[in-house]
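These are my notebook entries on a structure that I am reading for a new colleague. I set down what I looked up, entry by entry.

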Amino acid sequence: MPKIIVFLGPSLDLSAAEKILPAEYRPPAKRGDLLAAVADGADIICLIDGVFHQDCAVAHREILTAVKKGIKVVGASSMGALRAAEMDTLGMTGIGKIYRMYKESTLVSDDEVALVFDPVSGYSLSEPLINIRCTLKKAEAAGIITPAAHAALLAAAHSVFYPQRTYPKIAAVAGDALDAATKERFLAFAAASPADQKREDAIAALEYIRDLAAGLA
């Protein structure tokens with residue numbers, strides 16, 4: 001079997017990931033980590049999560065170095081989606097909706113996928129803007145919020161610094177644009193059935209690699 005190294009953090013819990021794809025799982029990637037994976041003999045590298053502001057982010061040249069050595073580099077969900085949209089013409093493979101949204105310039109800023117997480121447990125402590133977007137669309141489709149409330153909540157989410165983005169926070173920031181009943185309905189919906197596009201894309205990437213590795217075995 002090919003040697004697979006996956007950089008994973010808050011996008012998907014490790015136990016779920018391991019059930020999909022047997023691989024060597026490493027924490028969210030910072031600059032130099034992909035070069036280390038190359039040096040460690042990886043045949044396939046999957047970049048899902050990476051650091052943004054707390055350390056230097058994965059460099060484009062690292063990805064290019066891996067690709068030039070014949071290593072399959074797959075990106076999805078978070079930092080991986082962002083880098084894949086920038087590097088797919090040079091050999092990186094992008095998977096998932098978030099990658100496609102970056103590729104089509106529907107998403108532009110890395111702020112869309114940024115969040116803060118507990119470095120020990122890996123659990124998210126804030127909501128990434130892309131998940132908020134998807135939850136708002138889902139809530140409107142379900143009749144929980146009106147288009148006007150959707151717009152007000154999205155504007156509030158944009159205005160909140162990414163480490164502080166939570167559903168209660170953005171509902172509070174939306175203020176008088178939402179009545180009390182709408183806020184209550186939305187917060188109940190977001191607590192019970194939020195969209196998690198980052199998780200869905202991470203799963204899709206692991207399933208893609210699982211099938212790819214099976215073909216190489």
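**Entry 1: a first residue, and the ground rules**

Is Arg 210 buried, partly exposed or exposed? I found Arg 210 partly exposed, with a relative accessible area of 35%. I use buried for under 20% relative accessible area, exposed for over 50%, and partly exposed for what lies in between (1.4 Å probe, protein chains only).

I note that this is a predicted model, in which local features need pLDDT of at least 70 and side-chain atom pairs count only at pLDDT 80 or more, while totals for chains, interfaces and linings use all residues. Residues are numbered from 1 along each chain as its sequence is written, and side-chain values use heavy atoms, with hydrogens and water left out.

**Entry 2: the sheet**

I looked up the strands next. Helices (H or I, at least four residues) and strands (E, at least two) are DSSP runs, numbered from the N terminus. Two strands pair if DSSP finds at least two bridges between them. Strands of a sheet pair through backbone hydrogen bonds, either parallel or antiparallel.

In which order do the five strands of the open sheet stand? I read the order as β2-β1-β3-β4-β5, with parallel pairing. The edges are formed by β2 (24-26) and β5 (93-95), each of which pairs on one side only. From one strand to the next the twist averages 20°. For this and other angles, axes are lines fitted to C-alpha atoms, for helices over the stretch in contact, and angles run from 0 to 180 degrees between N-to-C directions.

**Entry 3: strand β3 and its partners**

I then examined strand β3 (residues 44-47), which is covered on both faces. Ile 44 and Cys 46 on one side are buried, as are Ile 45 and Leu 47 on the other. Strand β1 (residues 4-7) runs parallel to β3 and is joined to it by four bridges; Ile 4 stands opposite Ile 44. Strand β4 (residues 72-76) also pairs with β3 in the parallel sense, over four bridges, and Gly 75 in β4 is the bridge partner of Leu 47. Between β4 and β5 I counted three bridges, again parallel, with Val 74 opposite Thr 93 in β5.

**Entry 4: helices on the sheet**

Contact here means heavy atoms within 4.5 Å. Helix α4 lies across β3, β4 and β5 and runs at about 120° to β4. Helix α10 packs on the sheet as well, touching β1, β2, β3, β4 and β5, and its direction makes about 160° with that of β4.

**Entry 5: cysteines**

How many disulfides are there? With a disulfide taken as a pair of cysteine sulfur atoms within 2.5 Å, I recorded zero. The sulfur of Cys 46 has its closest cysteine sulfur in Cys 134, 19 Å away, which is too far for a bond. Cys 46 is buried at 0% relative accessibility, whereas Cys 56 is partly exposed at 44%.

**Entry 6: salt bridges**

A salt bridge is a side-chain nitrogen of Lys or Arg within 4 Å of a carboxyl oxygen of Asp or Glu. I found nine in the structure.

One of them joins Asp 13 and Arg 199, whose closest N and O atoms are 3.7 Å apart. Asp 13 lies in the loop between β1 and α1 (14-20) and Arg 199 in helix α10 (residues 197-216), so this pair ties together parts that are 186 residues apart in sequence. Asp 13 is partly exposed at 35%, and Arg 199 is partly exposed at 31%.

Another joins Arg 83 and Glu 86, with 3.0 Å between the closest N and O atoms. These two residues are three apart in helix α4 (residues 79-87), about one helical turn. Arg 83 is buried at 8%, whereas Glu 86 is partly exposed at 38%.

Arg 210, from my first entry, forms a salt bridge with Asp 211 at 3.4 Å between the closest N and O atoms. A network of salt bridges links Glu 24, Arg 26 and Asp 40.

**Entry 7: Ser 77**

Where is Ser 77 placed? I located Ser 77 in the loop between β4 and α4, buried at 0% relative accessible area. Leaving aside neighbours within four places in sequence, the contacts of Ser 77 include Ile 48, Ile 95, Val 113 and Asp 201.
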